[in-house]
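The following briefing is meant to be read alongside the sequence and the structure, and it is arranged by topic. Please keep the display open while working through the points.

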Amino acid sequence: MKYSEKVMDHFTNPRNVGEIENADGVGVVGNAKCGDIMKMYLKIDENDVITDCKFKTFGCGAAIATSSMATELVKGHTVKEALALTNSAVVEALEGLPPVKVHCSVLAEEAIKTAVADYYNKIGREIDFEIEKAHDEE
Amino acid sequence: MARFVYADNAATTPVSREVIEEMLPCLEECYGNPSSLHQKGREAKEILDSARERIAKVLGCDASEIYFTSGGTESDNWAIRGAAIKMKAKGRTHIVTSKIEHHAVLHTCDALEREGFTVTRIGVDADGVVDLEELSRAVNEKTALVAIMYANNEVGTIEPIREICDIAHSKGALVFTDAVQAVGNVKIDLSTLPVDMLSLSGHKLHAPKGIGALFVRKGVSINNLIEGGGQEKRRRGGTENVAFAVGLAAALEMAEKRLCELPRVEKMRDRLIDELTKIPYSKLNGHRTNRLPGNANIGFEFIEGESMLLWLDISGICASTGSACSSASLDPSHVLLAMGVPHERAHGSLRLSISHDTTDEDIDYIIETLPPIVEKLRNMSPLWEEVVKGNNKNA
(Lines give C-alpha, C1' and ligand atoms only; values in the text may rest on other atoms or scores of the structure.)
Protein backbone atom coordinates (compact mmCIF):
# COMPACT_ATOMS: atom_id res chain seq x y z
CA MET A 1 0.00 0.00 0.00
CA LYS A 2 1.38 3.34 -1.00
CA TYR A 3 0.05 6.83 -0.38
CA SER A 4 0.22 9.60 -2.98
CA GLU A 5 2.62 12.50 -2.43
CA LYS A 6 -0.36 14.72 -1.75
CA VAL A 7 -1.61 12.41 1.00
CA MET A 8 1.85 12.31 2.57
CA ASP A 9 2.03 16.11 2.32
CA HIS A 10 -1.26 16.54 4.19
CA PHE A 11 -0.29 13.82 6.66
CA THR A 12 3.09 15.32 7.51
CA ASN A 13 1.94 18.97 7.31
CA PRO A 14 -1.73 18.84 8.19
CA ARG A 15 -3.55 22.14 7.58
CA ASN A 16 -5.91 23.61 10.15
CA VAL A 17 -5.20 21.30 13.08
CA GLY A 18 -6.73 22.50 16.29
CA GLU A 19 -9.88 23.63 17.99
CA ILE A 20 -12.10 26.69 17.60
CA GLU A 21 -13.39 28.21 20.82
CA ASN A 22 -17.10 28.94 20.61
CA ALA A 23 -17.36 27.27 17.23
CA ASP A 24 -20.65 27.68 15.39
CA GLY A 25 -20.73 24.03 14.43
CA VAL A 26 -18.88 20.97 15.76
CA GLY A 27 -19.07 17.48 14.31
CA VAL A 28 -17.56 14.34 15.83
CA VAL A 29 -17.75 11.17 13.76
CA GLY A 30 -16.29 7.67 13.82
CA ASN A 31 -15.34 5.78 16.96
CA ALA A 32 -12.19 4.67 18.70
CA LYS A 33 -13.18 1.04 18.33
CA CYS A 34 -12.87 1.24 14.56
CA GLY A 35 -9.66 3.20 14.85
CA ASP A 36 -10.73 6.60 13.58
CA ILE A 37 -12.44 9.64 15.04
CA MET A 38 -12.70 13.02 13.35
CA LYS A 39 -13.74 16.20 15.07
CA MET A 40 -14.51 19.23 12.87
CA TYR A 41 -14.99 22.78 14.10
CA LEU A 42 -16.65 25.43 11.91
CA LYS A 43 -16.73 29.19 12.36
CA ILE A 44 -19.56 30.57 10.23
CA ASP A 45 -20.40 34.24 9.60
CA GLU A 46 -23.79 35.89 9.12
CA ASN A 47 -23.62 35.24 5.35
CA ASP A 48 -23.31 31.47 5.90
CA VAL A 49 -19.65 31.59 4.91
CA ILE A 50 -17.24 29.24 6.70
CA THR A 51 -14.59 31.68 7.81
CA ASP A 52 -12.56 29.15 9.74
CA CYS A 53 -12.42 25.36 9.96
CA LYS A 54 -10.24 23.26 12.22
CA PHE A 55 -9.96 19.57 12.95
CA LYS A 56 -8.62 16.99 15.33
CA THR A 57 -8.32 13.40 14.19
CA PHE A 58 -7.44 10.09 15.79
CA GLY A 59 -6.65 7.74 12.95
CA CYS A 60 -4.38 6.49 10.24
CA GLY A 61 -2.44 8.52 7.70
CA ALA A 62 -5.40 8.65 5.33
CA ALA A 63 -7.76 9.78 8.10
CA ILE A 64 -5.46 12.67 8.98
CA ALA A 65 -4.86 13.62 5.34
CA THR A 66 -8.56 13.53 4.40
CA SER A 67 -9.44 15.68 7.44
CA SER A 68 -6.79 18.19 6.50
CA MET A 69 -7.90 18.30 2.86
CA ALA A 70 -11.58 18.59 3.79
CA THR A 71 -10.88 21.67 5.93
CA GLU A 72 -9.07 23.25 3.00
CA LEU A 73 -11.92 22.49 0.64
CA VAL A 74 -14.63 24.08 2.79
CA LYS A 75 -12.77 27.03 4.28
CA GLY A 76 -13.94 30.31 2.70
CA HIS A 77 -16.94 28.59 1.13
CA THR A 78 -20.59 28.81 2.04
CA VAL A 79 -22.30 26.21 4.14
CA LYS A 80 -24.26 25.15 1.08
CA GLU A 81 -21.05 24.60 -0.87
CA ALA A 82 -19.62 22.64 2.06
CA LEU A 83 -22.66 20.37 2.04
CA ALA A 84 -22.01 19.66 -1.63
CA LEU A 85 -18.53 18.35 -0.81
CA THR A 86 -18.39 14.67 -1.62
CA ASN A 87 -15.90 12.10 -0.41
CA SER A 88 -14.79 11.50 -3.98
CA ALA A 89 -13.91 15.19 -4.31
CA VAL A 90 -11.67 14.79 -1.26
CA VAL A 91 -10.09 11.66 -2.75
CA GLU A 92 -9.52 13.45 -6.03
CA ALA A 93 -7.96 16.46 -4.33
CA LEU A 94 -5.57 14.05 -2.57
CA GLU A 95 -4.61 12.47 -5.90
CA GLY A 96 -6.18 9.20 -4.89
CA LEU A 97 -6.41 6.92 -1.87
CA PRO A 98 -5.73 3.18 -1.60
CA PRO A 99 -9.10 1.34 -1.90
CA VAL A 100 -9.08 0.20 1.74
CA LYS A 101 -8.73 3.84 2.79
CA VAL A 102 -11.67 5.29 0.88
CA HIS A 103 -13.85 5.03 3.98
CA CYS A 104 -11.63 7.71 5.55
CA SER A 105 -12.83 10.17 2.93
CA VAL A 106 -16.43 9.18 3.67
CA LEU A 107 -15.66 9.95 7.30
CA ALA A 108 -14.36 13.41 6.32
CA GLU A 109 -17.53 14.17 4.35
CA GLU A 110 -19.59 12.90 7.27
CA ALA A 111 -17.63 15.11 9.70
CA ILE A 112 -18.25 18.28 7.69
CA LYS A 113 -21.95 17.49 7.32
CA THR A 114 -22.30 16.64 11.00
CA ALA A 115 -20.68 19.96 11.93
CA VAL A 116 -23.09 21.80 9.60
CA ALA A 117 -26.02 19.89 11.12
CA ASP A 118 -24.84 21.06 14.55
CA TYR A 119 -24.79 24.63 13.22
CA TYR A 120 -28.31 24.25 11.81
CA ASN A 121 -29.50 22.93 15.16
CA LYS A 122 -27.95 25.86 16.97
CA ILE A 123 -29.58 28.47 14.72
CA GLY A 124 -32.86 26.57 14.51
CA ARG A 125 -32.65 25.78 10.81
CA GLU A 126 -34.20 22.58 9.54
CA ILE A 127 -31.69 19.89 8.53
CA ASP A 128 -32.55 19.22 4.88
CA PHE A 129 -29.73 16.83 3.98
CA GLU A 130 -28.68 13.29 4.73
CA ILE A 131 -25.39 12.13 6.21
CA GLU A 132 -23.79 8.97 4.91
CA LYS A 133 -22.11 7.03 7.70
CA ALA A 134 -18.59 5.71 7.18
CA HIS A 135 -19.07 3.05 9.86
CA ASP A 136 -22.10 1.08 10.86
CA GLU A 137 -23.59 2.18 14.11
CA GLU A 138 -22.54 0.20 17.18
CA MET B 1 17.46 10.87 6.94
CA ALA B 2 19.39 10.71 10.16
CA ARG B 3 19.64 6.95 10.49
CA PHE B 4 18.13 3.72 9.21
CA VAL B 5 16.96 1.18 11.78
CA TYR B 6 15.33 -2.08 10.77
CA ALA B 7 13.17 -3.12 13.72
CA ASP B 8 10.77 -5.48 11.95
CA ASN B 9 12.69 -8.75 12.18
CA ALA B 10 9.56 -10.62 13.23
CA ALA B 11 8.17 -9.82 9.76
CA THR B 12 11.32 -10.90 7.97
CA THR B 13 15.09 -10.68 8.25
CA PRO B 14 17.84 -9.80 5.80
CA VAL B 15 19.66 -12.84 4.42
CA SER B 16 23.07 -12.98 6.02
CA ARG B 17 26.25 -12.87 3.97
CA GLU B 18 27.41 -16.29 5.24
CA VAL B 19 24.11 -17.84 4.17
CA ILE B 20 24.35 -16.33 0.69
CA GLU B 21 27.90 -17.58 0.34
CA GLU B 22 26.89 -21.12 1.21
CA MET B 23 23.98 -20.96 -1.21
CA LEU B 24 25.75 -19.55 -4.25
CA PRO B 25 27.68 -22.71 -5.29
CA CYS B 26 24.41 -24.66 -5.10
CA LEU B 27 22.88 -22.27 -7.63
CA GLU B 28 25.86 -21.98 -9.94
CA GLU B 29 27.61 -25.36 -9.85
CA CYS B 30 25.63 -27.94 -7.96
CA TYR B 31 22.44 -27.31 -9.88
CA GLY B 32 21.46 -30.94 -10.27
CA ASN B 33 18.07 -32.38 -9.48
CA PRO B 34 18.51 -34.57 -6.39
CA SER B 35 16.28 -37.19 -8.01
CA SER B 36 18.59 -37.58 -11.02
CA LEU B 37 20.83 -40.64 -11.17
CA HIS B 38 23.80 -38.93 -12.81
CA GLN B 39 26.70 -37.21 -11.08
CA LYS B 40 25.03 -33.80 -10.92
CA GLY B 41 21.97 -35.36 -9.33
CA ARG B 42 24.02 -37.39 -6.85
CA GLU B 43 25.99 -34.30 -5.93
CA ALA B 44 22.79 -32.32 -5.25
CA LYS B 45 21.34 -35.23 -3.27
CA GLU B 46 24.41 -35.32 -1.06
CA ILE B 47 24.20 -31.59 -0.41
CA LEU B 48 20.49 -31.85 0.38
CA ASP B 49 21.03 -34.77 2.76
CA SER B 50 23.81 -32.91 4.48
CA ALA B 51 21.59 -29.83 4.92
CA ARG B 52 18.95 -32.06 6.49
CA GLU B 53 21.56 -33.59 8.82
CA ARG B 54 22.78 -30.17 9.88
CA ILE B 55 19.25 -28.99 10.69
CA ALA B 56 18.47 -32.19 12.60
CA LYS B 57 21.65 -31.80 14.63
CA VAL B 58 20.74 -28.26 15.69
CA LEU B 59 17.20 -29.26 16.63
CA GLY B 60 18.16 -32.50 18.40
CA CYS B 61 16.22 -34.83 16.15
CA ASP B 62 16.91 -37.36 13.40
CA ALA B 63 17.42 -36.20 9.82
CA SER B 64 14.63 -38.53 8.71
CA GLU B 65 12.22 -36.42 10.77
CA ILE B 66 12.90 -33.19 8.84
CA TYR B 67 10.90 -32.37 5.70
CA PHE B 68 11.67 -29.32 3.60
CA THR B 69 8.74 -27.11 2.63
CA SER B 70 8.19 -23.73 1.02
CA GLY B 71 7.96 -22.01 4.40
CA GLY B 72 6.06 -21.60 7.63
CA THR B 73 2.63 -21.32 6.07
CA GLU B 74 2.97 -24.56 4.14
CA SER B 75 4.38 -26.37 7.18
CA ASP B 76 1.48 -25.13 9.31
CA ASN B 77 -1.10 -26.14 6.70
CA TRP B 78 0.47 -29.53 6.20
CA ALA B 79 0.88 -30.40 9.88
CA ILE B 80 -2.68 -29.46 10.83
CA ARG B 81 -4.52 -30.76 7.78
CA GLY B 82 -2.31 -33.82 7.46
CA ALA B 83 -2.80 -34.81 11.09
CA ALA B 84 -6.52 -33.98 11.15
CA ILE B 85 -7.37 -36.07 8.09
CA LYS B 86 -5.22 -38.96 9.32
CA MET B 87 -6.73 -38.96 12.82
CA LYS B 88 -10.26 -38.74 11.45
CA ALA B 89 -9.91 -42.36 10.42
CA LYS B 90 -9.43 -43.16 14.11
CA GLY B 91 -12.63 -41.32 15.01
CA ARG B 92 -10.83 -38.21 16.21
CA THR B 93 -12.51 -35.19 14.66
CA HIS B 94 -11.75 -32.45 17.18
CA ILE B 95 -8.99 -29.87 16.86
CA VAL B 96 -7.78 -27.62 19.64
CA THR B 97 -5.87 -24.43 18.94
CA SER B 98 -5.50 -21.03 20.58
CA LYS B 99 -7.02 -17.65 19.81
CA ILE B 100 -3.63 -16.06 19.19
CA GLU B 101 -2.25 -18.30 16.45
CA HIS B 102 -0.85 -17.07 13.17
CA HIS B 103 -3.40 -16.91 10.38
CA ALA B 104 -1.75 -19.88 8.68
CA VAL B 105 -2.93 -21.95 11.66
CA LEU B 106 -6.22 -20.17 12.38
CA HIS B 107 -7.44 -20.22 8.80
CA THR B 108 -6.44 -23.86 8.30
CA CYS B 109 -8.50 -24.72 11.39
CA ASP B 110 -11.37 -22.58 10.07
CA ALA B 111 -11.26 -24.48 6.78
CA LEU B 112 -11.29 -27.85 8.58
CA GLU B 113 -14.23 -26.66 10.66
CA ARG B 114 -16.15 -25.95 7.46
CA GLU B 115 -15.26 -29.46 6.33
CA GLY B 116 -16.83 -31.02 9.42
CA PHE B 117 -14.21 -31.00 12.17
CA THR B 118 -15.00 -29.35 15.48
CA VAL B 119 -12.53 -26.72 16.59
CA THR B 120 -11.95 -25.32 20.08
CA ARG B 121 -9.98 -22.10 20.31
CA ILE B 122 -8.38 -21.68 23.73
CA GLY B 123 -8.16 -18.24 25.28
CA VAL B 124 -5.13 -16.54 26.78
CA ASP B 125 -4.51 -14.39 29.84
CA ALA B 126 -3.63 -10.70 29.78
CA ASP B 127 0.01 -11.58 29.04
CA GLY B 128 -0.90 -13.80 26.11
CA VAL B 129 -0.24 -17.10 27.90
CA VAL B 130 -2.55 -19.96 26.88
CA ASP B 131 -5.01 -20.94 29.62
CA LEU B 132 -3.89 -24.46 30.56
CA GLU B 133 -7.00 -25.17 32.62
CA GLU B 134 -9.23 -24.33 29.69
CA LEU B 135 -6.99 -26.52 27.55
CA SER B 136 -7.32 -29.44 30.00
CA ARG B 137 -11.09 -29.12 29.86
CA ALA B 138 -11.12 -28.93 26.05
CA VAL B 139 -8.93 -31.90 25.17
CA ASN B 140 -10.76 -35.23 25.08
CA GLU B 141 -10.72 -38.69 23.50
CA LYS B 142 -12.05 -37.17 20.26
CA THR B 143 -9.20 -34.68 19.98
CA ALA B 144 -6.99 -35.34 16.99
CA LEU B 145 -4.57 -32.48 17.42
CA VAL B 146 -3.57 -29.65 19.69
CA ALA B 147 -1.98 -26.88 17.61
CA ILE B 148 -0.47 -24.13 19.74
CA MET B 149 2.37 -21.83 18.84
CA TYR B 150 5.73 -21.89 20.58
CA ALA B 151 5.96 -18.11 20.76
CA ASN B 152 3.60 -15.44 19.55
CA ASN B 153 4.62 -13.39 16.53
CA GLU B 154 2.96 -10.16 17.67
CA VAL B 155 3.49 -9.90 21.41
CA GLY B 156 6.42 -12.31 21.79
CA THR B 157 4.97 -14.35 24.64
CA ILE B 158 6.45 -17.85 24.92
CA GLU B 159 3.86 -20.57 25.53
CA PRO B 160 4.14 -23.46 28.04
CA ILE B 161 4.66 -26.08 25.33
CA ARG B 162 5.78 -28.87 27.68
CA GLU B 163 2.62 -28.59 29.77
CA ILE B 164 0.57 -28.41 26.60
CA CYS B 165 2.20 -31.66 25.41
CA ASP B 166 1.40 -33.37 28.72
CA ILE B 167 -2.26 -32.38 28.53
CA ALA B 168 -2.66 -33.39 24.88
CA HIS B 169 -0.75 -36.65 25.15
CA SER B 170 -2.71 -37.74 28.22
CA LYS B 171 -5.73 -37.99 25.91
CA GLY B 172 -3.84 -39.46 22.97
CA ALA B 173 -3.92 -36.28 20.87
CA LEU B 174 -1.01 -35.13 18.73
CA VAL B 175 0.77 -31.85 19.39
CA PHE B 176 1.88 -29.46 16.68
CA THR B 177 3.69 -26.24 17.47
CA ASP B 178 4.24 -23.37 15.08
CA ALA B 179 7.78 -22.41 16.10
CA VAL B 180 8.38 -19.98 13.25
CA GLN B 181 9.15 -17.10 15.64
CA ALA B 182 10.91 -19.21 18.24
CA VAL B 183 13.49 -21.13 16.23
CA GLY B 184 16.79 -19.29 16.44
CA ASN B 185 15.55 -17.12 19.30
CA VAL B 186 14.96 -19.83 21.89
CA LYS B 187 16.87 -23.06 22.48
CA ILE B 188 14.76 -25.88 21.09
CA ASP B 189 15.83 -29.46 21.73
CA LEU B 190 13.48 -31.98 20.16
CA SER B 191 15.19 -34.84 21.98
CA THR B 192 13.58 -33.57 25.19
CA LEU B 193 10.64 -31.47 23.97
CA PRO B 194 7.87 -34.00 23.30
CA VAL B 195 6.03 -32.23 20.45
CA ASP B 196 4.94 -34.45 17.57
CA MET B 197 5.35 -31.79 14.90
CA LEU B 198 7.06 -28.43 14.68
CA SER B 199 7.20 -25.87 11.88
CA LEU B 200 9.96 -23.41 11.09
CA SER B 201 10.66 -20.82 8.46
CA GLY B 202 13.93 -19.67 6.91
CA HIS B 203 13.28 -15.99 6.40
CA LYS B 204 12.76 -15.30 10.10
CA LEU B 205 16.35 -16.33 10.82
CA HIS B 206 18.38 -14.75 8.05
CA ALA B 207 17.80 -17.43 5.40
CA PRO B 208 15.75 -16.56 2.27
CA LYS B 209 11.98 -16.50 1.91
CA GLY B 210 10.51 -19.60 0.28
CA ILE B 211 12.14 -22.24 2.47
CA GLY B 212 10.95 -23.84 5.66
CA ALA B 213 10.69 -27.21 7.28
CA LEU B 214 8.31 -29.43 9.14
CA PHE B 215 9.56 -31.78 11.84
CA VAL B 216 7.42 -34.90 12.08
CA ARG B 217 8.45 -37.21 14.89
CA LYS B 218 9.27 -40.80 13.97
CA GLY B 219 6.16 -42.93 14.40
CA VAL B 220 3.75 -40.03 13.79
CA SER B 221 1.85 -40.47 10.59
CA ILE B 222 0.15 -37.61 8.75
CA ASN B 223 -1.42 -37.32 5.33
CA ASN B 224 0.33 -35.53 2.50
CA LEU B 225 -0.60 -32.00 1.57
CA ILE B 226 1.30 -31.66 -1.69
CA GLU B 227 1.38 -34.67 -3.99
CA GLY B 228 4.06 -34.97 -6.60
CA GLY B 229 7.04 -36.88 -7.78
CA GLY B 230 8.00 -38.79 -4.68
CA GLN B 231 10.40 -36.30 -3.14
CA GLU B 232 10.93 -36.10 0.61
CA LYS B 233 10.28 -39.84 0.97
CA ARG B 234 7.02 -39.43 -0.98
CA ARG B 235 5.72 -37.07 1.68
CA ARG B 236 6.06 -33.74 -0.07
CA GLY B 237 6.14 -33.48 -3.85
CA GLY B 238 8.19 -30.96 -5.79
CA THR B 239 11.83 -30.77 -6.81
CA GLU B 240 13.79 -29.90 -3.70
CA ASN B 241 15.03 -26.34 -3.34
CA VAL B 242 18.59 -27.47 -2.64
CA ALA B 243 20.26 -24.09 -2.43
CA PHE B 244 17.64 -22.71 -0.07
CA ALA B 245 17.73 -25.86 2.06
CA VAL B 246 21.47 -25.27 2.44
CA GLY B 247 20.72 -21.65 3.29
CA LEU B 248 18.28 -22.77 5.98
CA ALA B 249 20.86 -25.15 7.44
CA ALA B 250 23.55 -22.48 7.47
CA ALA B 251 21.22 -19.90 9.04
CA LEU B 252 20.05 -22.33 11.69
CA GLU B 253 23.60 -23.30 12.64
CA MET B 254 24.52 -19.67 12.91
CA ALA B 255 21.48 -18.87 15.03
CA GLU B 256 22.38 -21.78 17.29
CA LYS B 257 25.95 -20.54 17.63
CA ARG B 258 24.66 -17.08 18.56
CA LEU B 259 22.15 -18.22 21.18
CA CYS B 260 24.72 -17.26 23.81
CA GLU B 261 24.66 -13.69 22.49
CA LEU B 262 20.91 -13.35 22.99
CA PRO B 263 21.27 -11.76 26.45
CA ARG B 264 22.69 -8.72 24.64
CA VAL B 265 19.57 -8.59 22.43
CA GLU B 266 17.37 -9.01 25.50
CA LYS B 267 19.14 -6.13 27.19
CA MET B 268 18.43 -3.89 24.21
CA ARG B 269 14.81 -5.08 24.15
CA ASP B 270 14.42 -4.33 27.86
CA ARG B 271 15.85 -0.86 27.36
CA LEU B 272 13.27 -0.23 24.63
CA ILE B 273 10.47 -1.49 26.89
CA ASP B 274 11.64 0.43 29.96
CA GLU B 275 12.22 3.70 28.15
CA LEU B 276 9.17 3.67 25.88
CA THR B 277 6.74 2.71 28.63
CA LYS B 278 7.83 5.90 30.40
CA ILE B 279 5.68 7.70 27.85
CA PRO B 280 2.38 8.47 29.65
CA TYR B 281 -0.56 6.19 28.81
CA SER B 282 1.59 3.46 27.30
CA LYS B 283 1.64 -0.19 28.21
CA LEU B 284 3.69 -3.26 27.33
CA ASN B 285 1.81 -5.95 25.45
CA GLY B 286 2.81 -9.55 26.19
CA HIS B 287 4.66 -11.16 29.07
CA ARG B 288 7.31 -8.97 30.69
CA THR B 289 10.03 -11.63 31.00
CA ASN B 290 8.82 -14.80 29.30
CA ARG B 291 8.99 -13.29 25.83
CA LEU B 292 11.09 -13.50 22.67
CA PRO B 293 14.46 -11.79 23.13
CA GLY B 294 13.91 -9.35 20.27
CA ASN B 295 10.25 -8.45 20.74
CA ALA B 296 9.00 -5.19 22.26
CA ASN B 297 5.29 -4.53 21.73
CA ILE B 298 3.90 -1.40 23.29
CA GLY B 299 0.43 0.12 23.14
CA PHE B 300 0.08 3.90 23.11
CA GLU B 301 -3.34 5.22 23.98
CA PHE B 302 -5.19 7.90 22.01
CA ILE B 303 -3.21 7.48 18.81
CA GLU B 304 -3.42 5.08 15.92
CA GLY B 305 -0.64 2.70 14.89
CA GLU B 306 -0.45 3.37 11.18
CA SER B 307 0.21 7.09 11.68
CA MET B 308 2.93 6.13 14.12
CA LEU B 309 4.47 3.76 11.56
CA LEU B 310 4.37 6.39 8.82
CA TRP B 311 6.23 8.89 10.99
CA LEU B 312 8.73 6.24 12.10
CA ASP B 313 9.26 5.31 8.46
CA ILE B 314 9.90 8.95 7.57
CA SER B 315 12.46 8.95 10.38
CA GLY B 316 14.14 5.81 8.98
CA ILE B 317 12.70 3.29 11.43
CA CYS B 318 10.90 0.17 10.16
CA ALA B 319 8.38 -1.27 12.62
CA SER B 320 4.94 -2.84 12.62
CA THR B 321 1.51 -2.37 14.25
CA GLY B 322 -1.52 -4.38 15.31
CA SER B 323 -3.80 -1.60 14.13
CA ALA B 324 -6.57 -2.44 11.71
CA CYS B 325 -5.66 0.38 9.43
CA SER B 326 -3.44 -1.51 7.06
CA SER B 327 -5.98 -4.29 6.65
CA ALA B 328 -9.36 -4.27 4.98
CA SER B 329 -11.18 -5.13 8.19
CA LEU B 330 -11.80 -2.58 10.88
CA ASP B 331 -10.71 -4.98 13.60
CA PRO B 332 -7.31 -4.61 15.17
CA SER B 333 -5.01 -7.54 15.99
CA HIS B 334 -6.87 -10.72 17.03
CA VAL B 335 -3.96 -11.43 19.39
CA LEU B 336 -4.34 -8.20 21.35
CA LEU B 337 -8.13 -8.56 21.45
CA ALA B 338 -7.79 -12.14 22.77
CA MET B 339 -5.53 -10.76 25.53
CA GLY B 340 -8.32 -8.42 26.53
CA VAL B 341 -6.59 -5.28 25.25
CA PRO B 342 -9.39 -2.82 24.43
CA HIS B 343 -9.88 -1.95 20.75
CA GLU B 344 -8.76 1.60 21.43
CA ARG B 345 -5.34 0.56 22.72
CA ALA B 346 -4.95 -2.26 20.22
CA HIS B 347 -5.16 0.32 17.43
CA GLY B 348 -2.22 2.15 18.98
CA SER B 349 0.11 -0.81 19.32
CA LEU B 350 3.65 -0.78 18.02
CA ARG B 351 5.84 -3.84 17.53
CA LEU B 352 9.58 -3.34 17.42
CA SER B 353 11.43 -6.57 16.69
CA ILE B 354 15.20 -6.36 16.90
CA SER B 355 17.98 -8.85 16.14
CA HIS B 356 21.69 -9.54 16.62
CA ASP B 357 22.31 -6.85 13.99
CA THR B 358 20.71 -4.16 16.16
CA THR B 359 23.09 -1.83 17.95
CA ASP B 360 22.83 0.26 21.13
CA GLU B 361 22.90 3.35 18.92
CA ASP B 362 19.83 2.01 17.06
CA ILE B 363 18.03 1.68 20.38
CA ASP B 364 19.08 5.21 21.37
CA TYR B 365 17.70 6.49 18.09
CA ILE B 366 14.33 4.76 18.54
CA ILE B 367 14.09 6.00 22.12
CA GLU B 368 14.71 9.59 21.10
CA THR B 369 12.62 9.48 17.90
CA LEU B 370 9.39 7.91 19.14
CA PRO B 371 8.27 10.19 22.02
CA PRO B 372 7.95 13.35 19.85
CA ILE B 373 5.96 11.31 17.29
CA VAL B 374 3.56 10.11 19.98
CA GLU B 375 3.25 13.69 21.24
CA LYS B 376 2.64 15.11 17.77
CA LEU B 377 -0.12 12.59 17.04
CA ARG B 378 -1.71 13.05 20.45
CA ASN B 379 -1.77 16.79 19.94
CA MET B 380 -4.02 16.28 16.95
CA SER B 381 -6.12 13.54 18.57
CA PRO B 382 -9.60 14.44 19.82
CA LEU B 383 -9.25 11.65 22.39
CA TRP B 384 -6.13 13.24 23.83
CA GLU B 385 -7.95 16.59 23.91
CA GLU B 386 -10.42 14.99 26.32
CA VAL B 387 -7.58 13.71 28.50
CA VAL B 388 -5.96 17.15 28.64
CA LYS B 389 -9.29 18.71 29.60
CA GLY B 390 -9.77 15.97 32.18
CA ASN B 391 -12.93 14.66 30.55
CA ASN B 392 -11.74 11.19 29.62
CA LYS B 393 -13.19 8.71 32.03
CA ASN B 394 -10.88 5.92 30.88
CA ALA B 395 -7.66 7.82 31.32
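Predicted model: local features only at pLDDT ≥ 70, side-chain atom pairs only at ≥ 80, totals over all residues.

A crossing of two helices is called left-handed if the near helix is turned anticlockwise from the far one by less than a right angle, and right-handed if the turn is clockwise. By that convention, the crossing of α9(B) and α13(B) is right-handed.

**Helix pair in chain B**

- Helix α9 of chain B, which covers residues 262-276, packs against helix α13 of chain B, residues 360-379, at an angle of about 15°, and their axes lie 10 Å apart.
- Because angles under 35 degrees count as roughly parallel, α9(B) is described as roughly parallel to α13(B).
- On the α9(B) side the contact is made by Met268(B), Arg271(B), Leu272(B), Glu275(B) and Leu276(B), while α13(B) contributes Asp360(B), Ile363(B), Ile366(B), Ile367(B) and Leu370(B).
- Sorted by class, the residues of this contact between α9(B) and α13(B) comprise 7 nonpolar and 3 charged, with no polar ones.

**Domains of chain B**

- The domain assignment divides chain B into domain 1, spanning 17-257, and domain 2, spanning 260-388.
- The centres of domain 1 and domain 2 of chain B, taken over C-alpha atoms, are separated by 29 Å.
- Between these two domains of chain B, 17 residues of domain 1 are in contact with 18 residues of domain 2.
- The side of domain 1 of chain B that touches domain 2 of chain B consists, by class, of 7 nonpolar, 7 polar and 3 charged residues.

**Sheet in chain A**

- In chain A, 3 strands make up an open sheet in the order β1-β2-β3, and their pairing is antiparallel.
- Strands β1 (25-31) and β3 (50-58) of chain A stand at the edges with a single partner strand each, so one side of each is left without a neighbour in the sheet.
- Neighbouring strands of this sheet are turned against each other by 10° on average, with direction ignored.
- Strand β2 of chain A, residues 36-44, runs antiparallel to β1(A) and is joined to β1(A) by 7 bridges; Gly25(A) has Leu42(A) as its bridge partner in β2(A).
- Helix α2 of chain A, residues 61-74, packs on the sheet and touches β2 and β3 of chain A, its direction making about 175° with that of β3(A).
- Helix α5 of chain A, residues 102-123, also packs on the sheet, where it touches β1 and β2 of chain A, and its direction makes about 145° with that of β1(A).

Technical notes:
Residues numbered from 1 in each chain as written. Chains lettered and ligands numbered in written order. Axes fitted to C-alpha atoms, helices over the stretch in contact; angles between N-to-C directions. Helix = DSSP H or I, 4+ residues; strand = E, 2+ residues; numbered from the N terminus. Parallel < 35°, antiparallel > 145°, perpendicular 65-115°, else oblique. Contact = placed C-beta atoms within 7 Å. Nonpolar A, V, L, I, M, F, W, Y, C, P; charged D, E, K, R; others polar. Pairing = 2+ DSSP bridges. Domains from an automatic or database assignment.
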